[in-house]
Structures are given as structure tokens and as C-alpha cells.
Amino acid sequence: MAPEEPPESGSSSSSSSTKEEDDFGYGLFPERRRGETAKEKSLLYNSLFTFNHKCQVMLKVALDSSPYAKLLLDAMNSSGCTVFKDRHFSCEDCDGCVSGGFDSSTSQIVLCQNNIHHQSHMNRVVTHELIHAFDHCRAHVDWFNNVKHLACSEIRAANLSGDCSLMNEMTRFKFGLKQHHQTCVRDRAVRSILAVRKVSKEMAEKAVDEVFDSCFNDHEPFGRVPHSKRDAKYAYRDFQNRHRYYTNL
């Protein structure tokens, strides 16, 4: 999941119902709350009165032009998990603290049309959630019952999507020197877990710490940490050439 702001501490009271405790983050995505019937909305309503049309346009640009997204789409296709824009992406209104999410029950990426307003942000969210989708395809992640699995995918998404690039960290007024990238990845992974699971901060941090080294060093399918769009272009080129070295021999 791609978070916007840190989740509010102490937001769950002792009187929370079992349904709320088992929410698994669906409360952040009103149109996906289980047990509720979403109101039918006409195409005219979506186009004129929400950000849906803009979201769809930015999504198409991201899928067509972002080297991060193009590499992930090719990798998933190679793994037998072909992604279709109309089937696997959905622009929806979300809670104010998130930009996107991956719904493993439907294998669908949710893009928060009310929170994504710039193309660069859309590119980053699409990449972040496609990494979750890639992990879902290749690793059979137990999203709901194993917090370590969730932590690993959140570490990989924060590490490989550009979430923790120097430029993005500067816009957050966060400056650091030694191992600043690792610190950013760790912090954002913890935040993402807290946003979608009713667990303590200590439990989230413990899960991230226990899998951090192995998941931080898992760079598939990029083969490296793409710190910039240029790095991602090189990674995409190398991915395309992985199986072509001996074709002319």
C-alpha cells in the first residue's frame, strides 16, 4: 500500500468491534468495504463530478511511458500473470491517508483518484502497487495471516518504486547522510503495515526488522535499486536482454 500521511496513533479504541479489527485495510477504500453495496455511478457522474477521468488518463500515461511500470508489466507477463488495464486497475475515492492499494482478493490495484493529482505521483503509486502485484504473482504471499509476508512486500515496494528517492525525501524535508535510504524504506514499510493492519507499532517494526535484510536485497525484477528514471530505463533494457544474449549464436 502507498501511504500519504502517517496513520493516527491510538485511532482504534478498546470498544472496536471484531469486524473493525479484521478490516485488513478495507476501511481506507470505501468502495471496497466488505458487506456493503457500492452505489452505482454512471460514466457521466464519474467523468464530470469526480477525478475518475483524470485518473484514467494519468494511469494510461504511466503504463505507456514509465520504465518502472513497463518493466514490471513485462516481468509479470513473463511469469504468467498478464496485467490488463481495465481488469486489474481501478480508480476510486479513498481515505485521505492513502494513495493506492493492492486488493489481493481480486488481484486488483486501487488508485486513489481523490489523492493523486500529478503524473509523477501516479507513476510512483502504480509502480509501488505493481511490485505488490508482482510479489503476489511469484511468491504466493499470505497477505492476511502472515505480517512478515506483508512486511517483505512493503519493504520491496518502498525500496524499488522510487518512494525513497533523494528528490522525494527532500520534498518531505527529510535529509540524511549515512544509510538514509534504508531508514526511509524501513519507516515507510512500518507506516504501510500500520495503515492496513490492526497491530501495534512494536509488532510492525519487529516484522520489518526480521525480514529487512533479505527483502531489502531482493531487487527482482529490476536487478538493482532504480534510484532514478534513468536507472529504471537501464534496468528495463537489461531485463529485456536477459534472454537474448545467445539468440544469435
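The buried residues of α7 are Leu-150, Ala-151, Cys-152, Ser-153, Glu-154, Ile-155, Arg-156, Ala-157, Ala-158, Asn-159 and Leu-160; buried means under 20% relative accessible area, exposed over 50%, and partly exposed in between, with a 1.4 Å probe and protein chains only. They amount to 11 of the 14 residues of α7, a helix that is mostly covered. Their packing partners are α4 (67-78), α6 (119-139), α9 (180-196) and α10 (201-216), where contact means heavy atoms within 4.5 Å.

Helix α7 spans residues 147-160 and reaches 20 Å from its first C-alpha to its last, close to the 20 Å expected at 1.5 Å a residue. The expected span is 1.5 Å times one less than the number of residues. Helices (H or I, at least four residues) and strands (E, at least two) are DSSP runs, numbered from the N terminus. At the start of α7, a side-chain oxygen of Asn-146 comes to within 3.0 Å of the backbone nitrogen of Lys-148. Just after the helix, Gly-162 has a positive phi of about 95°.

## Basis of the model

This is a predicted model, in which local features need pLDDT of at least 70 and side-chain atom pairs count only at pLDDT 80 or more, while totals for chains, interfaces and linings use all residues. Residues are numbered from 1 along each chain as its sequence is written, and side-chain values use heavy atoms, with hydrogens and water left out.

## Disulfides

A disulfide is a pair of cysteine sulfur atoms within 2.5 Å, and by this rule the count comes to five. With the bonded cysteines numbered in sequence order, the pairing is 1-3, 2-6, 4-5, 7-10, 8-9.

In one of these links, the sulfur atoms of Cys-55 and Cys-91 lie 2.0 Å apart. The pair links distant parts of the chain, with Cys-55 in helix α3 (residues 52-65) and Cys-91 in strand β2 (residues 89-92), 36 residues apart. The torsion about their S-S bond is about -80°, so this disulfide is left-handed.

Cys-164 is joined to Cys-184 by a disulfide, S to S 2.0 Å. This pair also links distant parts of the chain: Cys-164 is in the loop between α7 and α8 (166-171), and Cys-184 is in helix α9, 20 residues apart. Cys-164 is buried at 5% relative accessible area, and Cys-184 is buried at 4%.

Which cysteine sulfur is closest to that of Cys-97? It is the sulfur of Cys-112, at 8.7 Å, too far for a bond. Cys-97 counts as buried, at 16% relative accessibility.

Technical notes:
A polar contact is a pair of N or O atoms within 3.5 Å; within protein, one must be able to donate a hydrogen and the other to accept it, and residues adjacent in sequence count only if both atoms are side-chain atoms.
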